[in-house]
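Biologist: Before we use any of the labels on this model, I would like to hear what stands behind them. Please take them one at a time.

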Amino acid sequence: MIKSSESGMKLPIQQSKEFTAAVEKAHSFRTKYKDIKEIPDTLLPETWDWRNIDGYDFTSEIYDQAACGSCYMAAMIQVLESRLKIKYAGDINNVPRLSA
């Protein structure tokens, strides 16, 4: 079963073949090459958007920090959350939200 988020992106509720294919695509270069220098330029895609890998969003939602003034901290937390979602995509629903 696939649910949609408010943005219209698909949210993985269970490990569908469609989601597994998106995860494999997201991890394709990491599994084939040990170092970024090994990837031939001809294999790099023209564009890459972690917010839409075959309809799945591997980033975190945007937080409103309001008048807090901690934009660097908010940005760092969101980067960490997104990296965890990318790395542990097979268990994407269990990636913790690091901020309140």
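Modeller: A pocket here is an open set of grid points with protein on both sides within 12 Å along at least five of seven lines. In this predicted model, the second largest pocket holds about 450 Å³ of space.

Biologist: What makes a residue part of the lining of the second largest pocket, and which residues are closest to its centre?

Modeller: A lining residue has an atom within 4 Å of a point. Of the 15 residues that line this pocket, Ala 26, Phe 29, Arg 30, Trp 50 and Arg 83 are the closest to its centre. Helix H2 (28-32) and helix H3 (71-87) are the elements that give two or more residues to the lining. H3 supplies the largest share, three residues.

Biologist: How do the residues of the lining divide into nonpolar, polar and charged?

Modeller: Ten are nonpolar, one is polar and four are charged.

Biologist: Why is Asp 54 called partly exposed?

Modeller: Buried means under 20% and exposed means over 50%. The relative accessibility of Asp 54 is 38%, so Asp 54 counts as partly exposed. Asp 54 sits in the loop between H2 and H3.

Biologist: What is the phi of Asp 54?

Modeller: Phi of Asp 54 is near 50 degrees, a positive value in a residue other than glycine. Most residues other than glycine have a negative phi.

Methods:
Residues are numbered from 1 along each chain as its sequence is written. This is a predicted model: local features need pLDDT of at least 70, side-chain atom pairs count only at pLDDT 80 or more; totals for chains, interfaces and linings use all residues. Side-chain values use heavy atoms; hydrogens and water are left out. On a 1 Å grid over the protein atoms alone, a cavity is a set of points where a 1.4 Å probe fits but cannot get out, and a pocket is an open set with protein on both sides within 12 Å along at least five of seven lines; lining residues have an atom within 4 Å of a point. Grid points are joined across faces, edges and corners, and a volume is the space filled by probe spheres set on the points. Helices (H or I, at least four residues) and strands (E, at least two) are DSSP runs, numbered from the N terminus. Ala, Val, Leu, Ile, Met, Phe, Trp, Tyr, Cys and Pro count as nonpolar, Asp, Glu, Lys and Arg as charged, and the others, Gly among them, as polar. Buried means under 20% relative accessible area, exposed over 50%, partly exposed in between (1.4 Å probe, protein chains only).
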